[in-house]
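Visitor: I would like a close look at a single part of this model, the place where the two chains meet. Please take me through what is found there.

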Amino acid sequence: MHPSCSVGIAYVALGKKAQDEACESIRTLRKNWTAKGSVFVLKKPLASSPVGLTVGQQAHWAKTCVNLWSPYDYTLLLDADTRIRGSLFVGFRALRQGWDLVMVPSVVRADVLWTHSQHEKEVTFLDTGLSKPLVLNTGVLFFAKTPRTKKFFEQWRVEWLRFKGWDQGAFLRALKRAPVTIWLLGSPFNSPSGEVVDHLFGRARA
Amino acid sequence: MPYIRLTAVKHIRRAGIQKTYHKGDWVKVGKQTALAWLSDGTAEVPGPDPTKAEVVKELLGPGCGVRVLGKGTGPWPTRGFGGCLKLLKFSNGSVALPYPYTMIWDPTSTITPRQVLIGFSQITGREKGALSWEMVARLAGHHLARDVGTKAEQAKTEALIGDLRIPVYDTRVLWVRKTEKTEKLIRRWAISVRAGEDKAHAFLRALYTEGVLLCTLPAA
(Lines give C-alpha, C1' and ligand atoms only; values in the text may rest on other atoms or scores of the structure.)
Protein backbone atom coordinates (compact mmCIF):
# COMPACT_ATOMS: atom_id res chain seq x y z
CA MET A 1 0.00 0.00 0.00
CA HIS A 2 1.28 3.44 -0.88
CA PRO A 3 1.59 5.59 2.24
CA SER A 4 -0.61 8.22 0.65
CA CYS A 5 -3.58 5.86 0.28
CA SER A 6 -6.66 7.22 1.99
CA VAL A 7 -8.12 5.29 4.92
CA GLY A 8 -11.55 5.64 6.45
CA ILE A 9 -14.61 4.11 8.00
CA ALA A 10 -17.97 3.92 6.27
CA TYR A 11 -21.49 3.30 7.54
CA VAL A 12 -24.79 2.64 5.82
CA ALA A 13 -27.44 4.37 7.94
CA LEU A 14 -30.79 4.71 6.21
CA GLY A 15 -33.54 6.03 8.45
CA LYS A 16 -33.49 7.72 11.84
CA LYS A 17 -32.97 4.60 13.92
CA ALA A 18 -29.95 3.52 11.90
CA GLN A 19 -28.54 7.02 11.96
CA ASP A 20 -28.90 7.24 15.75
CA GLU A 21 -27.10 3.91 16.04
CA ALA A 22 -24.36 5.05 13.67
CA CYS A 23 -23.87 8.21 15.76
CA GLU A 24 -23.41 6.11 18.87
CA SER A 25 -21.01 3.79 17.04
CA ILE A 26 -18.95 6.78 15.89
CA ARG A 27 -18.94 8.17 19.43
CA THR A 28 -17.40 4.93 20.72
CA LEU A 29 -14.97 4.92 17.79
CA ARG A 30 -13.68 8.37 18.73
CA LYS A 31 -13.48 7.46 22.39
CA ASN A 32 -11.84 4.04 22.15
CA TRP A 33 -9.71 4.24 19.04
CA THR A 34 -7.71 7.39 19.08
CA ALA A 35 -6.20 7.03 15.59
CA LYS A 36 -7.37 9.92 13.47
CA GLY A 37 -9.70 8.44 10.91
CA SER A 38 -12.17 9.86 8.49
CA VAL A 39 -15.77 8.66 8.68
CA PHE A 40 -18.40 8.67 5.93
CA VAL A 41 -22.05 7.88 6.60
CA LEU A 42 -24.39 7.03 3.74
CA LYS A 43 -27.71 8.46 4.88
CA LYS A 44 -29.81 8.22 1.72
CA PRO A 45 -30.61 5.30 -0.57
CA LEU A 46 -28.41 5.09 -3.62
CA ALA A 47 -29.81 6.32 -6.92
CA SER A 48 -28.86 2.93 -8.32
CA SER A 49 -31.22 1.12 -5.90
CA PRO A 50 -33.64 -1.09 -7.82
CA VAL A 51 -37.22 0.15 -7.69
CA GLY A 52 -39.54 -1.16 -4.98
CA LEU A 53 -37.02 -2.09 -2.29
CA THR A 54 -37.77 -1.77 1.41
CA VAL A 55 -35.44 0.30 3.58
CA GLY A 56 -33.75 -2.89 4.76
CA GLN A 57 -33.21 -4.05 1.19
CA GLN A 58 -31.87 -0.63 0.21
CA ALA A 59 -29.35 -0.94 3.03
CA HIS A 60 -28.22 -4.37 1.82
CA TRP A 61 -27.94 -3.03 -1.74
CA ALA A 62 -25.89 -0.08 -0.50
CA LYS A 63 -23.54 -2.49 1.25
CA THR A 64 -22.89 -4.39 -1.97
CA CYS A 65 -22.12 -1.05 -3.66
CA VAL A 66 -19.75 0.24 -0.98
CA ASN A 67 -16.74 0.05 -3.28
CA LEU A 68 -18.49 2.59 -5.51
CA TRP A 69 -19.55 5.15 -2.90
CA SER A 70 -16.75 4.90 -0.31
CA PRO A 71 -14.32 7.77 -0.87
CA TYR A 72 -11.38 5.82 0.58
CA ASP A 73 -8.73 3.53 -0.91
CA TYR A 74 -8.88 1.40 2.25
CA THR A 75 -12.29 1.20 3.85
CA LEU A 76 -13.74 -0.38 6.94
CA LEU A 77 -17.48 -0.82 6.43
CA LEU A 78 -19.13 -1.05 9.83
CA ASP A 79 -22.72 -1.89 10.65
CA ALA A 80 -24.43 0.96 12.49
CA ASP A 81 -25.29 -1.34 15.42
CA THR A 82 -21.66 -1.78 16.44
CA ARG A 83 -19.79 -0.28 19.35
CA ILE A 84 -16.02 0.09 19.08
CA ARG A 85 -14.08 -0.95 22.17
CA GLY A 86 -10.50 -1.02 20.88
CA SER A 87 -8.07 -0.51 18.03
CA LEU A 88 -9.06 -1.54 14.51
CA PHE A 89 -5.59 -0.98 13.12
CA VAL A 90 -4.91 -4.70 12.55
CA GLY A 91 -7.47 -4.75 9.73
CA PHE A 92 -5.96 -1.83 7.87
CA ARG A 93 -2.52 -3.30 8.46
CA ALA A 94 -3.60 -6.49 6.66
CA LEU A 95 -4.92 -4.44 3.72
CA ARG A 96 -1.57 -2.67 3.62
CA GLN A 97 0.09 -6.10 3.54
CA GLY A 98 -1.84 -6.80 0.34
CA TRP A 99 -4.99 -8.62 1.42
CA ASP A 100 -8.17 -7.78 -0.52
CA LEU A 101 -10.63 -8.16 2.35
CA VAL A 102 -10.45 -8.58 6.13
CA MET A 103 -13.47 -10.10 7.87
CA VAL A 104 -14.70 -12.16 10.79
CA PRO A 105 -16.45 -15.54 10.46
CA SER A 106 -20.02 -15.67 11.70
CA VAL A 107 -20.79 -17.76 14.74
CA VAL A 108 -20.85 -21.35 13.50
CA ARG A 109 -24.39 -22.68 13.66
CA ALA A 110 -25.80 -26.06 12.79
CA ASP A 111 -28.27 -24.21 10.56
CA VAL A 112 -25.94 -22.46 8.17
CA LEU A 113 -27.44 -19.34 6.54
CA TRP A 114 -30.35 -19.62 8.96
CA THR A 115 -31.78 -16.22 8.00
CA HIS A 116 -32.04 -17.13 4.33
CA SER A 117 -34.93 -18.69 2.45
CA GLN A 118 -34.87 -22.40 1.75
CA HIS A 119 -34.46 -21.74 -1.94
CA GLU A 120 -31.53 -19.38 -1.47
CA LYS A 121 -29.82 -21.87 0.84
CA GLU A 122 -30.18 -24.54 -1.82
CA VAL A 123 -28.77 -22.33 -4.53
CA THR A 124 -25.87 -21.31 -2.32
CA PHE A 125 -24.99 -24.88 -1.38
CA LEU A 126 -25.11 -25.94 -5.02
CA ASP A 127 -23.24 -22.93 -6.39
CA THR A 128 -20.41 -23.16 -3.86
CA GLY A 129 -20.28 -26.96 -3.81
CA LEU A 130 -20.29 -26.75 -0.02
CA SER A 131 -23.14 -27.84 2.24
CA LYS A 132 -21.36 -26.31 5.21
CA PRO A 133 -19.49 -23.22 4.04
CA LEU A 134 -17.79 -20.81 6.42
CA VAL A 135 -20.20 -17.88 6.57
CA LEU A 136 -18.56 -14.49 6.92
CA ASN A 137 -20.31 -11.64 8.72
CA THR A 138 -20.43 -8.49 6.61
CA GLY A 139 -20.96 -6.20 9.61
CA VAL A 140 -17.22 -5.58 9.89
CA LEU A 141 -15.70 -5.54 6.41
CA PHE A 142 -12.31 -4.09 5.60
CA PHE A 143 -11.53 -3.86 1.89
CA ALA A 144 -9.01 -2.37 -0.50
CA LYS A 145 -10.00 -0.92 -3.85
CA THR A 146 -8.25 -3.24 -6.29
CA PRO A 147 -9.16 -4.73 -9.69
CA ARG A 148 -9.92 -8.03 -7.96
CA THR A 149 -12.25 -6.50 -5.36
CA LYS A 150 -13.95 -4.47 -8.10
CA LYS A 151 -14.88 -7.75 -9.84
CA PHE A 152 -15.93 -9.29 -6.54
CA PHE A 153 -18.28 -6.42 -5.61
CA GLU A 154 -19.79 -6.48 -9.09
CA GLN A 155 -20.48 -10.18 -8.64
CA TRP A 156 -21.87 -9.61 -5.12
CA ARG A 157 -24.40 -7.18 -6.58
CA VAL A 158 -25.39 -9.65 -9.28
CA GLU A 159 -25.84 -12.37 -6.69
CA TRP A 160 -27.77 -10.19 -4.26
CA LEU A 161 -30.24 -9.22 -6.97
CA ARG A 162 -31.19 -12.88 -7.43
CA PHE A 163 -33.02 -12.97 -4.08
CA LYS A 164 -32.78 -9.43 -2.66
CA GLY A 165 -32.59 -10.75 0.90
CA TRP A 166 -29.76 -11.04 3.39
CA ASP A 167 -26.33 -10.50 1.91
CA GLN A 168 -24.22 -13.37 3.28
CA GLY A 169 -25.46 -16.03 0.87
CA ALA A 170 -24.88 -13.70 -2.07
CA PHE A 171 -21.43 -12.96 -0.64
CA LEU A 172 -20.49 -16.66 -0.64
CA ARG A 173 -21.78 -17.22 -4.16
CA ALA A 174 -19.87 -14.15 -5.36
CA LEU A 175 -16.67 -15.47 -3.79
CA LYS A 176 -16.99 -18.65 -5.82
CA ARG A 177 -17.24 -16.68 -9.06
CA ALA A 178 -14.77 -13.89 -8.23
CA PRO A 179 -12.39 -15.13 -5.52
CA VAL A 180 -10.49 -12.60 -3.44
CA THR A 181 -7.89 -12.96 -0.70
CA ILE A 182 -9.51 -12.74 2.73
CA TRP A 183 -7.62 -12.34 6.00
CA LEU A 184 -9.69 -13.51 8.94
CA LEU A 185 -9.94 -11.86 12.33
CA GLY A 186 -11.29 -13.60 15.40
CA SER A 187 -14.66 -13.14 17.10
CA PRO A 188 -13.39 -10.30 19.37
CA PHE A 189 -13.61 -8.14 16.25
CA ASN A 190 -17.29 -8.80 15.53
CA SER A 191 -19.55 -10.44 18.06
CA PRO A 192 -21.95 -9.61 20.87
CA SER A 193 -19.75 -8.25 23.66
CA GLY A 194 -16.72 -8.42 21.34
CA GLU A 195 -13.56 -7.04 22.91
CA VAL A 196 -12.91 -4.77 19.94
CA VAL A 197 -16.23 -4.61 18.08
CA ASP A 198 -19.34 -5.22 20.13
CA HIS A 199 -22.05 -6.02 17.58
CA LEU A 200 -25.55 -5.34 18.87
CA PHE A 201 -27.24 -7.34 16.13
CA GLY A 202 -30.54 -5.93 14.95
CA ARG A 203 -30.51 -2.62 16.81
CA ALA A 204 -30.35 -0.53 13.66
CA ARG A 205 -33.31 -2.12 11.92
CA ALA A 206 -36.45 -0.01 11.58
CA MET B 1 -25.45 -32.36 10.07
CA PRO B 2 -25.77 -30.18 6.99
CA TYR B 3 -28.93 -29.82 4.93
CA ILE B 4 -29.81 -32.81 2.74
CA ARG B 5 -31.86 -32.86 -0.44
CA LEU B 6 -34.61 -35.42 -0.76
CA THR B 7 -34.78 -37.74 -3.75
CA ALA B 8 -38.07 -39.24 -2.59
CA VAL B 9 -41.18 -38.13 -0.73
CA LYS B 10 -40.77 -38.01 3.02
CA HIS B 11 -43.16 -37.31 5.85
CA ILE B 12 -41.40 -35.47 8.65
CA ARG B 13 -42.92 -34.69 12.02
CA ARG B 14 -41.87 -31.45 13.67
CA ALA B 15 -43.35 -30.15 16.91
CA GLY B 16 -46.08 -32.75 16.65
CA ILE B 17 -47.13 -31.74 13.16
CA GLN B 18 -46.50 -33.97 10.19
CA LYS B 19 -45.51 -32.33 6.95
CA THR B 20 -44.91 -33.88 3.56
CA TYR B 21 -41.72 -33.03 1.71
CA HIS B 22 -41.16 -33.86 -1.94
CA LYS B 23 -38.29 -34.85 -4.16
CA GLY B 24 -35.92 -31.90 -4.47
CA ASP B 25 -36.85 -30.34 -1.12
CA TRP B 26 -34.03 -29.44 1.26
CA VAL B 27 -34.55 -30.56 4.83
CA LYS B 28 -32.63 -30.65 8.06
CA VAL B 29 -33.07 -33.78 10.15
CA GLY B 30 -31.10 -35.52 12.86
CA LYS B 31 -27.77 -37.07 12.03
CA GLN B 32 -28.93 -40.70 12.26
CA THR B 33 -31.93 -40.05 10.04
CA ALA B 34 -29.81 -38.15 7.54
CA LEU B 35 -27.22 -40.92 7.36
CA ALA B 36 -29.91 -43.56 6.92
CA TRP B 37 -31.58 -41.67 4.08
CA LEU B 38 -28.25 -40.95 2.42
CA SER B 39 -27.27 -44.59 2.53
CA ASP B 40 -30.57 -45.83 1.09
CA GLY B 41 -30.47 -43.21 -1.63
CA THR B 42 -33.59 -41.28 -0.63
CA ALA B 43 -31.51 -38.17 0.07
CA GLU B 44 -28.30 -36.57 -1.17
CA VAL B 45 -26.00 -33.73 -0.16
CA PRO B 46 -24.65 -31.05 -2.45
CA GLY B 47 -21.15 -31.20 -3.60
CA PRO B 48 -19.32 -34.01 -5.32
CA ASP B 49 -20.57 -37.53 -4.65
CA PRO B 50 -17.63 -39.80 -3.85
CA THR B 51 -19.70 -42.92 -4.53
CA LYS B 52 -20.08 -42.02 -8.20
CA ALA B 53 -17.01 -43.17 -10.10
CA GLU B 54 -17.52 -40.72 -12.95
CA VAL B 55 -17.64 -37.78 -10.54
CA VAL B 56 -14.48 -38.91 -8.80
CA LYS B 57 -12.71 -39.42 -12.11
CA GLU B 58 -13.70 -35.97 -13.36
CA LEU B 59 -12.61 -34.11 -10.24
CA LEU B 60 -9.46 -36.08 -9.56
CA GLY B 61 -7.98 -35.71 -13.01
CA PRO B 62 -4.29 -35.71 -13.80
CA GLY B 63 -2.12 -33.87 -11.37
CA CYS B 64 -3.86 -34.69 -8.09
CA GLY B 65 -1.81 -36.27 -5.37
CA VAL B 66 -1.34 -36.60 -1.64
CA ARG B 67 1.74 -35.58 0.27
CA VAL B 68 1.73 -37.69 3.42
CA LEU B 69 3.61 -35.97 6.19
CA GLY B 70 6.04 -38.05 8.14
CA LYS B 71 9.02 -40.29 7.65
CA GLY B 72 7.26 -43.66 7.59
CA THR B 73 6.77 -45.41 4.27
CA GLY B 74 3.37 -46.74 5.14
CA PRO B 75 1.03 -48.38 5.32
CA TRP B 76 -1.03 -45.25 5.91
CA PRO B 77 -4.65 -45.19 7.08
CA THR B 78 -5.99 -44.57 3.58
CA ARG B 79 -9.43 -46.08 4.15
CA GLY B 80 -10.75 -42.55 4.50
CA PHE B 81 -10.01 -41.91 0.82
CA GLY B 82 -12.56 -44.47 -0.34
CA GLY B 83 -13.00 -44.53 -4.11
CA CYS B 84 -10.58 -41.61 -4.50
CA LEU B 85 -7.64 -43.76 -3.49
CA LYS B 86 -6.81 -45.36 -6.82
CA LEU B 87 -6.90 -42.05 -8.68
CA LEU B 88 -4.43 -40.28 -6.42
CA LYS B 89 -0.65 -40.40 -6.43
CA PHE B 90 1.02 -40.61 -3.02
CA SER B 91 4.40 -39.52 -1.74
CA ASN B 92 5.67 -38.96 1.78
CA GLY B 93 8.09 -36.76 3.59
CA SER B 94 8.14 -33.19 4.80
CA VAL B 95 5.86 -30.37 3.68
CA ALA B 96 6.15 -29.97 -0.11
CA LEU B 97 4.09 -29.59 -3.29
CA PRO B 98 5.08 -32.49 -5.52
CA TYR B 99 1.93 -32.30 -7.67
CA PRO B 100 -0.02 -29.57 -9.48
CA TYR B 101 -2.87 -30.21 -7.00
CA THR B 102 -1.58 -31.49 -3.68
CA MET B 103 -3.40 -32.56 -0.57
CA ILE B 104 -0.94 -32.19 2.29
CA TRP B 105 -2.03 -34.74 4.87
CA ASP B 106 -0.92 -35.63 8.36
CA PRO B 107 -2.11 -39.25 8.65
CA THR B 108 -3.07 -38.69 12.30
CA SER B 109 -5.98 -36.63 10.95
CA THR B 110 -9.03 -38.61 9.84
CA ILE B 111 -10.62 -37.72 6.55
CA THR B 112 -13.57 -38.92 4.50
CA PRO B 113 -13.94 -39.40 0.74
CA ARG B 114 -16.34 -36.46 0.59
CA GLN B 115 -13.86 -34.17 2.33
CA VAL B 116 -11.13 -35.31 -0.07
CA LEU B 117 -13.30 -34.58 -3.10
CA ILE B 118 -14.54 -31.24 -1.78
CA GLY B 119 -11.01 -30.09 -1.10
CA PHE B 120 -9.75 -31.05 -4.54
CA SER B 121 -12.85 -29.71 -6.30
CA GLN B 122 -12.30 -26.27 -4.79
CA ILE B 123 -8.70 -26.04 -6.06
CA THR B 124 -9.06 -27.76 -9.44
CA GLY B 125 -12.14 -25.78 -10.46
CA ARG B 126 -13.18 -28.70 -12.64
CA GLU B 127 -16.82 -28.29 -11.70
CA LYS B 128 -18.71 -26.53 -14.43
CA GLY B 129 -18.48 -22.75 -14.28
CA ALA B 130 -16.26 -22.65 -11.20
CA LEU B 131 -13.13 -20.63 -10.69
CA SER B 132 -10.62 -22.24 -8.41
CA TRP B 133 -9.07 -21.30 -5.14
CA GLU B 134 -5.32 -21.58 -4.61
CA MET B 135 -5.67 -23.32 -1.28
CA VAL B 136 -8.28 -24.89 1.00
CA ALA B 137 -7.82 -25.08 4.76
CA ARG B 138 -10.05 -25.72 7.74
CA LEU B 139 -10.14 -23.71 10.92
CA ALA B 140 -8.85 -25.41 14.05
CA GLY B 141 -11.99 -25.04 16.13
CA HIS B 142 -12.51 -21.79 17.98
CA HIS B 143 -8.85 -21.35 18.88
CA LEU B 144 -7.20 -18.00 18.39
CA ALA B 145 -3.47 -17.46 17.98
CA ARG B 146 -3.32 -16.20 21.56
CA ASP B 147 -4.54 -19.61 22.77
CA VAL B 148 -1.85 -21.76 21.13
CA GLY B 149 1.93 -22.01 21.04
CA THR B 150 4.60 -20.68 23.33
CA LYS B 151 4.95 -17.05 24.37
CA ALA B 152 7.93 -16.73 22.04
CA GLU B 153 5.91 -17.98 19.06
CA GLN B 154 3.02 -15.73 19.95
CA ALA B 155 5.36 -12.77 20.19
CA LYS B 156 6.76 -13.52 16.72
CA THR B 157 3.26 -13.72 15.25
CA GLU B 158 2.10 -10.58 16.99
CA ALA B 159 5.16 -8.68 15.79
CA LEU B 160 4.28 -9.53 12.18
CA ILE B 161 0.49 -9.36 12.20
CA GLY B 162 -0.20 -6.90 15.00
CA ASP B 163 -2.73 -8.92 16.96
CA LEU B 164 -3.16 -12.47 18.25
CA ARG B 165 -6.95 -12.46 18.16
CA ILE B 166 -6.98 -14.27 14.83
CA PRO B 167 -8.29 -17.76 14.00
CA VAL B 168 -5.86 -20.64 13.78
CA TYR B 169 -5.88 -23.14 10.92
CA ASP B 170 -5.79 -26.92 11.10
CA THR B 171 -2.60 -27.59 9.18
CA ARG B 172 -3.00 -31.37 9.28
CA VAL B 173 -4.98 -31.28 6.03
CA LEU B 174 -4.49 -28.68 3.30
CA TRP B 175 -5.32 -28.71 -0.39
CA VAL B 176 -2.98 -26.62 -2.51
CA ARG B 177 -2.92 -25.67 -6.17
CA LYS B 178 0.66 -25.06 -7.24
CA THR B 179 1.11 -21.38 -8.10
CA GLU B 180 3.93 -18.94 -7.58
CA LYS B 181 2.33 -17.65 -4.39
CA THR B 182 1.46 -21.02 -2.91
CA GLU B 183 4.94 -22.33 -3.64
CA LYS B 184 6.40 -19.36 -1.75
CA LEU B 185 3.98 -19.88 1.12
CA ILE B 186 4.66 -23.60 1.43
CA ARG B 187 8.42 -23.10 1.12
CA ARG B 188 8.34 -20.45 3.84
CA TRP B 189 6.22 -22.69 6.10
CA ALA B 190 8.40 -25.74 5.45
CA ILE B 191 11.56 -23.87 6.39
CA SER B 192 9.95 -22.69 9.63
CA VAL B 193 8.70 -26.15 10.52
CA ARG B 194 12.13 -27.68 9.84
CA ALA B 195 13.61 -25.04 12.13
CA GLY B 196 11.34 -26.28 14.90
CA GLU B 197 8.83 -23.42 14.91
CA ASP B 198 5.23 -23.98 15.97
CA LYS B 199 3.35 -25.34 12.93
CA ALA B 200 0.18 -23.30 13.48
CA HIS B 201 1.94 -20.01 14.12
CA ALA B 202 4.42 -20.58 11.30
CA PHE B 203 1.52 -21.24 8.93
CA LEU B 204 -0.24 -18.04 9.98
CA ARG B 205 2.91 -16.02 9.44
CA ALA B 206 3.57 -17.60 6.04
CA LEU B 207 -0.06 -17.11 4.99
CA TYR B 208 -0.11 -13.48 6.10
CA THR B 209 3.07 -12.76 4.21
CA GLU B 210 2.13 -14.42 0.91
CA GLY B 211 -1.63 -13.72 0.73
CA VAL B 212 -3.12 -16.54 -1.35
CA LEU B 213 -6.68 -17.14 -2.55
CA LEU B 214 -7.68 -19.31 0.38
CA CYS B 215 -11.02 -21.06 0.77
CA THR B 216 -11.46 -21.41 4.51
CA LEU B 217 -13.81 -24.12 5.76
CA PRO B 218 -15.26 -24.49 9.25
CA ALA B 219 -13.48 -26.83 11.63
CA ALA B 220 -14.05 -30.50 10.85
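Guide: In this predicted model, 10 residue pairs are in polar contact between chain B and chain A, counting pairs with both residues at pLDDT 80 or more. On the side of chain B that touches chain A, the elements of chain B that give two or more residues are strand S4 (26-27), helix H3 (113-124), strand S9 (135-144), helix H4 (151-161), strand S10 (167-177), helix H6 (199-210) and strand S11 (214-217). Sorted by class, this side of chain B has 27 nonpolar residues, eight polar ones and seven charged ones.

The contact draws 42 residues from chain B and 37 residues from chain A. Together the two chains bury about 3,400 Å² between them, and 63% of that area lies on carbon and sulfur atoms.

Charged pairs also occur here. Side chains of opposite charge can pair when their charged atoms come close. Between chain B and chain A the count is two salt bridges. In one of these, the side chain of B:Arg165 meets that of A:Glu195, with N to O at 3.0 Å. Over all chains, the structure holds 24 salt bridges. An example within chain A is the pair A:Asp198 and A:Arg85, whose closest N and O atoms are 3.0 Å apart. This pair links distant parts of the chain, 113 residues apart: A:Asp198 belongs to strand S8 (residues 197-199) of chain A, while A:Arg85 sits in the loop between strand S4 (82-84) and helix H4 (89-97) of chain A.

A cavity also involves residues of both chains. A search of the whole structure for cavities of 30 Å³ or more finds one, and the largest cavity has a volume of about 200 Å³. Its lining is made up of 15 residues, and those closest to the centre are A:Leu172, A:Leu175, B:Trp133, B:Cys215 and B:Thr216. At least two lining residues come from each of helix H7 (168-177) of chain A, strand S7 (182-184) of chain A and S11 of chain B. Strand S11 (214-217) is also among the elements on the side of chain B that touches chain A. By class, the lining of the largest cavity has 11 nonpolar, three polar and one charged residues.

Conventions. Residues numbered from 1 in each chain as written. Chains lettered and ligands numbered in written order. Predicted model: local features only at pLDDT ≥ 70, side-chain atom pairs only at ≥ 80, totals over all residues. Heavy atoms only, no water. Contact = heavy atoms within 4.5 Å. Buried area = accessible area lost by both parts, 1.4 Å probe. Salt bridge = Lys/Arg side-chain N within 4 Å of Asp/Glu carboxyl O. Polar contact = N/O pair within 3.5 Å; in protein donor to acceptor, adjacent residues only side chain to side chain. Helix = DSSP H or I, 4+ residues; strand = E, 2+ residues; numbered from the N terminus. Nonpolar A, V, L, I, M, F, W, Y, C, P; charged D, E, K, R; others polar. 1 Å grid on protein atoms, 1.4 Å probe; cavity = no way out; pocket = protein on both sides within 12 Å on 5 of 7 lines; lining within 4 Å. Points joined across faces, edges and corners; volume = space filled by probe spheres on them.
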